[in-house]
Amino acid sequence: MASALSPPRAPKPKGIVPLHYYENFLEKKGPRDRDYRKFWAGLQGLTLYFYNSNRDFQHVDKVDLGGFVKLTDEAPRRNLHDPGIHFSLVLWNQEIKFKVDSLESREIWKGFILTVVELRVPSNLTLLPGHLYMMAEARDKEEARRALEKPSCFLKASRLEAQLLLERYPECGNLLLRPSGGGAGGVSVTTRQMLNGSPVIRHYRVKHEGPTYVIDVEEPFSCLSLDAVVSYFVTHTNKELVPFLLDEDYEKVLGYVEADKENGESVWVAPSAPTAPGPGPVPPAGGPKQPPPTSTPVSTQDKLPPLPPLPPPPDQDENYVIPIGDVPAANYVNDKVLPPSRQVALKLKKLPKAQAKAPKPPVKPKPEHKVVNSGLLARKLAASTAQPIFPTTGLADVTAELEEKLQKRRALEH
């Protein structure tokens, strides 16, 4: 029985082959490597790219030459098991060892590295005229590239943010470029160094005049690119100033390789990180699920020290001043006599009680007695109300008089 033929698979799309100033085989040994590993290496810009083979277009490792310090040669080793030629690339934060097959290959690699770093063709190396011509072309391409691109130590940060970055990450460098506050395409240079244990921060202005950048110092210096500006500060400070470069060797997003079920090809998948449950209320079991709370990302660089808490608003009562002289002073002869305020309150409470004790007479009294009695009572009440302070004896006389009137009225009724 003939097996069913599977449909032909489409060829994988090929990537764009990178263009390098120079490329060849190169063995590399980093600070964490135990032995040399052979790569196909290519130099493009200020970066050395390493590939598993010369047919690959995706690099597996790279070395940034922005922190270049020097190139050193190692003495030939009289070892039959290691006949290679060794040289070292010294950066400001690490040292990488290389091994090639011949002295000519070592001189070519050193020449191209020095050309792109210093933007000049070295004259102290043993090179053929064809190699010097290739390095001159690489220099021209690198100058054109730098005129369009900004250096790695250029960050879109304010003056305060630049100071905080240099203070927070001193191991990443002490020189940083940022946009100038005056605009017009100019930039500013911020540096931070330690002097006797105290930080010294300096800011320099770089003007953009046509195709050149002019460093505004005592003797203005013109540069063709921002990389040349960085090189000026590094070389004129005996390489004490190091361009700021954040360490990006570690990934921030978790990902994994997953096989596609349709065509069988592997794809890179970066799942979204799960949101931690917040302290909010728990939704009911049968109800709809609530969406996770959204959080606003905050840049670590923009974080400033927390401001002190504001003082609580003053109490409204504290805004008023109570005058002491307005309170009437009361001098009491007898300590047992109640204060005037309490006496007035007692009188106001007792007067309605005395009136309530007089019941309404079932028989109307004579008009002359009613008018006299009501007028007398009204005069008594008016007189008592007009006086602010009542003596205790006056209140007893009024009560006795009212009781006497009431007894006379009851006697007339009987």
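Colleague: Let's start with Trp40: is Trp40 buried or exposed?
Modeller: Happy to begin there, and keep in mind that this is a predicted model. A residue counts as buried when its relative accessible area is under 20%. Trp40 has a relative accessibility of 13%, so Trp40 is buried.

Colleague: How many helices and strands does the protein chain have, and what share of its residues counts as buried?
Modeller: The protein chain has seven helices and 14 strands. It holds 414 residues, and the share of them that counts as buried is 25%.

Colleague: How many aromatic pairs are there, and which kind of pair do Tyr22 and Trp109 make?
Modeller: Searching the whole structure gives nine aromatic pairs. For Tyr22 and Trp109, the ring centres lie 4.9 Å apart and the planes meet at 80°. Planes over 60 degrees apart count as edge-to-face, so the pair of Tyr22 and Trp109 is edge-to-face.

Colleague: How many residues apart are Tyr22 and Trp109?
Modeller: This pair links distant parts of the chain. Tyr22 belongs to strand S1 (residues 22-29) and Trp109 to helix H1 (residues 103-118). Between Tyr22 and Trp109 the separation is 87 residues.

Colleague: Are the two partners buried or exposed, and what is the relative accessibility of Trp109?
Modeller: Tyr22 has a relative accessible area of 11%, so Tyr22 is buried. Trp109 counts as buried too, because its relative accessibility is 0%.

Colleague: Back to Trp40, then: which residue does Trp40 pair with in an edge-to-face way?
Modeller: The centres of the two rings are 4.8 Å apart, with 85° between the planes. Trp40 lies in strand S2 (residues 37-44), and its partner in strand S1 is 15 residues away. That partner is Phe25.

Colleague: Is Phe25 buried, partly exposed or exposed?
Modeller: Buried means under 20% relative accessible area and exposed means over 50%. Phe25 has a value of 38%, so Phe25 is partly exposed.

Colleague: Which charged residue sits over the ring of Phe25?
Modeller: Two such cases are worth a look. The charged end of Lys28 sits over the ring of Phe50, 5.7 Å from the ring centre. Over the ring of Phe25, 5.0 Å from its centre, sits the charged end of Lys38.

Colleague: Now the helices: are H1 and H2 roughly parallel or roughly antiparallel?
Modeller: H1 packs with helix H2 (residues 129-148) at an angle of about 25°, and their axes are 9 Å apart. Angles under 35 degrees count as roughly parallel. That makes the arrangement of H1 and H2 roughly parallel.

Colleague: Is the crossing of H1 and H2 left-handed or right-handed, and which residues of H2 make the contact?
Modeller: The crossing is right-handed. H1 brings Glu104, Glu107, Ile108, Gly111, Phe112, Thr115, Val116 and Val117 to the contact. From H2 come His131, Met134, Met135, Ala138, Arg139, Glu142 and Arg146.

Colleague: Which residues of helix H3 are buried, and which strands are among the elements that cover them?
Modeller: In H3 (residues 159-168), the buried residues are Ala162, Leu164, Leu165 and Leu166. Their cover includes strand S8 (175-179) and strand S9 (187-195).

Colleague: How far apart in space are Ala157 and Pro179?
Modeller: Ala157 sits in the loop between H2 and H3, and with 10% relative accessibility it counts as buried. Beyond four places in sequence, Ala157 is in contact with Ala162, Arg178 and Pro179. Ala157 and Pro179 are 22 residues apart in sequence, yet from C-alpha to C-alpha the distance is 7.2 Å.

Definitions and conventions
Residues numbered from 1 in each chain as written. Predicted model: local features only at pLDDT ≥ 70, side-chain atom pairs only at ≥ 80, totals over all residues. Heavy atoms only, no water. Phe/Tyr/Trp six-rings, centres within 6.5 Å; stacked < 30°, edge-to-face > 60°. Helix = DSSP H or I, 4+ residues; strand = E, 2+ residues; numbered from the N terminus. Buried < 20%, exposed > 50% of the residue type's maximum accessible area, 1.4 Å probe, protein only. Lys NZ or Arg CZ within 6 Å of the ring centre and 35° of its normal. Contact = heavy atoms within 4.5 Å. Axes fitted to C-alpha atoms, helices over the stretch in contact; angles between N-to-C directions. Parallel < 35°, antiparallel > 145°, perpendicular 65-115°, else oblique. Left-handed = near helix turned anticlockwise from the far one by under 90°.
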